[in-house]
Amino acid sequence: MTAPATPVRLDRFMARANAAYYSGCDPFADFITAPEISQMFGELLGAWVAVTWQGMGAPAPFVLAEAGPGRGTLMADALRLLARVAPACYAAARVHMVETSPRLRDAQATALAPHADAVTPVWCDAVADLPPGPMILLANEFLDALPIRQFVRTAQGWDERSVVGEVFVTAPATDLPVGGPLATRDVPEGEVLETCEGALVIARQLGRRLAQGQGAALFIDYGYDGPGWGDTLQALRDGRPAWPLARPGMADLTAHVDFAALGAAARAGGCATWGSVTQGAFLSALGLFPRAAQLARNQSPEVARQVSEAAQRLAAPDRMGGLFRVMAMTPPGMTELAGFEGCAPIAPSPADMGKGG
Ligand code: SAH
């Protein structure tokens with residue numbers, strides 16, 4: 001992809017750049033995600049699926065979906081766990097992968113091949129294309145890849161950033177998104193506020209779906225939960241931070257997830273939300289450390305050290321455990337959800353309707 005010669009709105013630039021990046025490059029050469037750090041991550045999410053499915057009344061069949069599954073590692077690890085400890089859930093799961101990159105779809109098919117006897121995965125392009133019925137959706141580092149817009153607060157209102165060449169240009173915003181954080185946040189003049197309409201649309205759709213039927217959705221990503229602002233756009237190229245506007249399509253572009261806006265959009269759709277909690281709290285509640293101890297037992301000191309280091313990396317507050325947050329969406333009225341013990345769900349409320357943040 002060539003750098004734009006005339007101004008292109010940031011979200012359109014990011015959409016094109018990431019589509020080119022995910023279909024042309026190997027993202028996992030540039031960054032490592034939680035499921036790639038350790039099998040424990042996918043296994044614990046598999047355990048979460050089993051417990052949540054039981055709590056839904058064990059519907060069979062049900063849609064087990066993952067959005068942005070990367071190499072397919074998380075789903076493969078989750079399915080292996082289900083096959084072993086929750087065979088009824090495993091048998092009931094109709095696996096759906098939401099993935100736009102043909103290259104990553106191939107990698108996911110390879111990762112799921114060991115389950116070919118029991119599981120026939122289906123691919124789709126968007127969360128909205130998932131079939132109806134009871135559903136459990138997982139998404140790790142999916143929302144951070146969706147295109148954002150950046151607005152700069154002015155005395156009069158908002159300017160918006162576009163990209164030309166390898167630099168930003170700013171002009172008064174013409175079509176402001178309806179609702180979302182722009183409508184509600186008190187941002188100081190000169191500061192940047194980001195919106196991710198794609199994430200809010202998905203949250204609203206899931207909110208409506210979960211208000212009417214059985215299911216749960218779980219989003220794990222790095223981000224903030226509160227009425228924050230700031231420029232969080234970043235790029236990784238060849239494993240190192242890079243200027244986000246340079247060499248589009250050759251770097252992974254991401255932005256932090258605005259969990260407050262995500263939750264509000266989901267509740268505006270009609271579901272309840274849980275959290276966000278930190279990834280460290282969530283994985284610990286699901287039994288990360290006992291599982292690590294079990295994996296390390298009877299292993300060489302080197303393997304035991306690696307397992308312990310992986311658990312620390314995933315859960316320590318100053319590492320992914322604190323940087324990443326976890327939010328769930330469920331039908332209203334549920335009183336318990338694994339991993340969110342001690343955290344009351346936030347009910348849908350008319351105050352959220354149309355606000356999204
Ligand atoms: N969840 C994986 C991969 C994260 S990378 C892991 O934890 O390892 C982001 C993933 O989202 C990739 O699979 C990428 O192809 C996918 N993706 C990015 N934008 C997308 C979009 N608009 N629709 C569907 N998938 C998308």
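Mentor: First, a salt bridge is a side-chain nitrogen of Lys or Arg within 4 Å of a carboxyl oxygen of Asp or Glu. We're looking at a predicted model, where local features need pLDDT of at least 70, side-chain atom pairs count only at pLDDT 80 or more, and totals for chains, interfaces and linings use all residues. Residues are numbered from 1 along each chain as its sequence is written, and side-chain values use heavy atoms, with hydrogens and water left out.

Trainee: How many salt bridges does a search of the whole structure find?

Mentor: The chain has 27 positive side chains and 35 negative ones, counting Lys and Arg as positive, Asp and Glu as negative, and leaving out His and the chain ends. Searching the whole structure for salt bridges gives a total of 16.

Trainee: Is Asp 77 buried or exposed?

Mentor: Asp 77 pairs with Arg 80 in a salt bridge, at 2.9 Å from N to O. Buried means under 20% relative accessible area, exposed over 50%, and partly exposed in between (1.4 Å probe, protein chains only). Asp 77 has 8%, so this residue is buried.

Trainee: How many residues apart in sequence are the parts that Arg 161 and Asp 231 tie together?

Mentor: Their side chains meet in a salt bridge at 3.2 Å, N to O. Arg 161 sits in strand β7 and Asp 231 in the loop between β10 and β11, so the pair links parts whose separation in sequence is 70 residues.

Methods:
Charge placed at Lys NZ, Arg CZ, Asp CG, Glu CD. Helix = DSSP H or I, 4+ residues; strand = E, 2+ residues; numbered from the N terminus.
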